[in-house]
Amino acid sequence: MKRLIVGLLAMTAFSYAAYADVVIIANRNVPENTLSRKEIKEIFLAKRVRWGDHSRIHAATVRDAGIHKMFLKQHLNKSHAKWKLYWKRMVFTGRGVPPISFDTEAEMLAYIAETEGAVGYVLSGEIQDESEASVKIIRIR
Amino acid sequence: MKKTVILLFTLCVTLLPNAHAFDADQIQIRGFISQGYLVSSDHDFWYTPTEDGTFQFNETKIHVMAEPLDNLRLGIQLLSRDMGEVGNNEVAVDWAYGDYSFRNWLGIRAGLLKRPFGLYDQSRHVDAARTEIFLPTGVYPDIARELFFSTRGVGIYGILPGNLSYELQYGVAPLDTDGGAVKMADGMLGSKTENIENDYVIAFMLRWDTPLSGLMFSFSGFSMGDIVQEADIGKINTSTFELYISSLEYEFENFTFSSEYRHESVETSLNGNMSLMDQILEAYHITGSYRFTDWFELGLGYSERYTDQDDKDGDRFKKIGQPAAKAWCKDLTMITRFDINDYWIFKLEGHYMNGLEGVTSELGDDPSEDWFLFAAKMTFSF
């Protein structure tokens with residue numbers, strides 16, 4: 001019985017991980033409130049480097065493999081291996097610098113809150129009340 | 001050069017515990033060391049003694065990049081490379097430029113630039129950035145990289161409405177007498193080149209990311225002004241050197257498929273009155289790969305290359321008593337890549353070859369048209 005309960009709990013946790021949404025967040029001074037999927041992809045692949053007011057975009061990611069892989073799958077349609085391959089190519093051809101990467105979501109949230117033009121992501125449950133949060137949620141259009 | 005490699009290796013090992021490069025917002029120092037082994041059943045390939053087996057197949061790169069202003073990025077990458085008779089681990093500048101971005105649709109670069117050419121040429125000597133050890137040999141021959149690889153000049157780039165992105169460059173190709181292009185020409189003509197220069201190169205790339213996520217097309221190429229070689233036999237002038245590549249890539253999660261077609265026009269004369277070459281080279285490849293796990297990727301590729309699209313059977317070679325198979329190279333490739341961890345990669349690759357284009361050793365009376373090339377490579381990057 002104990003095993004069954006543990007199994008069900010594990011399945012619940014797995015389902016959460018598999019289906020949890022990753023939301024895009026940004027510094028409160030970022031002019032955009034919505035972005036298309038294509039624009040999100042361009043931002044994190046360093047093809048789009050400026051916001052609508054021409055200020056610089058500073059993309060951020062989390063090293064935590066779980067949320068990072070979910071973000072890549074949901075928003076970039078890329079596997080983690082392809083993401084690494086892409087950035088190796090960009091870096092060694094001098095065409096770009098990968099997004100700044102943090103060990104934890106908390107560190108990334110702090111960076112986005114403090115850095116003008118910063119953009120990143122969190123699991124949808126992380127920000128309960130946007131009006132009180134130090135960052136804003138970017139809606140997908 | 002050994003000292004340089006040892007120094008770079010020591011630097012890598014020292015940096016390993018902290019190997020994400022330096023502060024991401026300030027100065028970045030990154031690099032890699034690749035060491036490979038090549039062996040073939042017959043023939044030497046691309047001026048490398050593959051028939052006996054060789055470790056003369058390595059690349060080392062290190063770069064420094066800084067962003068002193070929000071709009072400005074500066075960087076330089078040094079390259080040391082050996083591929084048989086080419087490179088010989090001389091340290092050279094791989095790229096060095098300033099990159100100023102005005103808008104999403106307009107950035108400008110100036111310096112020694114990577115030339116946009118096909119889907120993969122810019123990462124030709126970055127082993128960690130691709131699945132294969134050799135890029136598809138038909139479309140990306142490694143024998144005369146200096147003709148294709150870099151432009152010393154200026155360029156603009158950006159993204160455009162309609163999912164388009166572009167890049168344009170204008171400058172000269174940094175040619176030198178130790179390069180594979182000169183080696184190839186001197187090998188064919190029995191000459192010795194003392195100096196080589198070119199007037200200009202105009203390069204472009206237009207890329208369309210289609211509405212189907214992961215599917216893209218691109219069209220890229222370049223045209224070079226006169227390439228003049230001053231040799232002991234006279235002045236060798238390549239008045240036409242134009243190259244175009246149409247590319248398609250589809251990437252879905254762990255699966256990647258790509259195909260490219262290359263069209264290259266060359267016209268070369270000696271002393272302005274004797275035609276040495278006037279032909280169109282043609283090549284294509286089809287390559288697919290699948291990443292089964294975080295650490296293992298398997299790929300399969302096929303490419304064909306013809307030195308003259310009007311003489312795919314090699315009649316021109318037969319007429320002068322040489323093997324017809326010098327007119328083509330067909331390459332069926334099995335690729336494996338093992339990502340041991342974030343820093344170490346190991347690759348194994350087998351090429352079943354048909355044809356003698358690209359073979360650089362002496363051909364006997366009855367050279368084998370079918371032969372096998374095996375490649376192994378280990379890369380450490382940080």
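**The nonpolar cores and their surroundings**

Mentor: The largest nonpolar core has 47 residues, and within this core F222(B) and M224(B) touch the most other members. Please bear in mind throughout that the model is predicted. Several elements of chain B each supply at least two residues of this core: the helices α2 (145-148) and α3 (180-189), and the strands β9 (201-209), β10 (215-224), β11 (227-231), β12, β16 (328-339) and β18. The most comes from β12(B), which gives four residues. If residues up to four places away in sequence are left out, F222(B) touches R115(B), F117(B), V201(B), I202(B), A203(B) and L243(B). There is also a second, separate core, which has 26 residues, among them A26(A), W51(A), A60(A) and V135(A). As a general background to both, nonpolar side chains tend to be buried together in soluble globular proteins.

Among the contacts in chain A between residues at least 6 apart in sequence, 68% join residues at least 24 apart.

The six strands form an open sheet of mixed pairing, with the order β2-β6-β1-β5-β3-β4 in chain A. At its edges stand β2 and β4 (100-102) of chain A; each has a single partner strand, so one side of each lacks a neighbour in the sheet. Helix α3 (residues 65-76) of chain A packs on this sheet, where it touches β1, β3 and β5 (118-123) of chain A, and its direction makes about 95° with that of β1(A).

The pairings can be followed strand by strand. Strand β1 (residues 22-27) of chain A runs antiparallel to strand β6 (residues 135-140) of chain A, and four bridges join the two. In this pair, I25(A) stands opposite I137(A) of β6(A). Strand β2 (residues 34-35) of chain A also pairs with β6(A), but here the strands run parallel and two bridges join them; L35(A) stands opposite I140(A) in β6(A).

The next question is how chain A meets chain B. The contact takes 22 residues from chain A and 32 residues from chain B. On the side of chain A that touches chain B, α2 (37-44) and α4 (80-92) of chain A each supply at least two residues. The largest share of that side, eight residues, comes from α4(A). Sorted by class, the side of chain A that touches chain B holds seven nonpolar, six polar and nine charged residues.

The buried residues of α4(A) are A81(A), K82(A), L85(A), K88(A), M90(A), V91(A) and F92(A). Strands of chain B are among what covers these buried residues, including β1, β2, β12 (234-252), β14 (274-291) and β18 (370-381). Just after α4(A), G94(A) takes a positive phi of about 70°.

In general, most residues other than glycine have a negative phi. A46(A) has a positive phi of about 60° although it is not a glycine, and A46(A) is found in the loop between α2 and β3 (58-62) of chain A. A46(A) has 17 other C-beta atoms within 10 Å and is therefore partly exposed. In chain B, the phi of W46(B), also a residue other than glycine, is positive and near 50°. W46(B) is found in the loop between β1 (27-40) and β2 (57-66) of chain B. With 23 other C-beta atoms within 10 Å, W46(B) is buried.

Conventions
Residues are numbered from 1 along each chain as its sequence is written. Chains are lettered from A and ligands numbered from 1 in the order in which they are written. This is a predicted model: local features need pLDDT of at least 70, side-chain atom pairs count only at pLDDT 80 or more; totals for chains, interfaces and linings use all residues. Two residues are in contact if their C-beta atoms, placed from the backbone, lie within 7 Å. Ala, Val, Leu, Ile, Met, Phe, Trp, Tyr, Cys and Pro count as nonpolar, Asp, Glu, Lys and Arg as charged, and the others, Gly among them, as polar. A residue is buried if 20 or more other C-beta atoms lie within 10 Å of its own, exposed if 12 or fewer, and partly exposed in between; C-beta atoms are placed from the backbone. Two strands pair if DSSP finds at least two bridges between them. Axes are lines fitted to C-alpha atoms, for helices over the stretch in contact, and angles run from 0 to 180 degrees between N-to-C directions. A nonpolar core is a set of buried Ala, Val, Leu, Ile, Met, Phe, Trp, Tyr and Cys residues joined through C-beta atoms within 7 Å.
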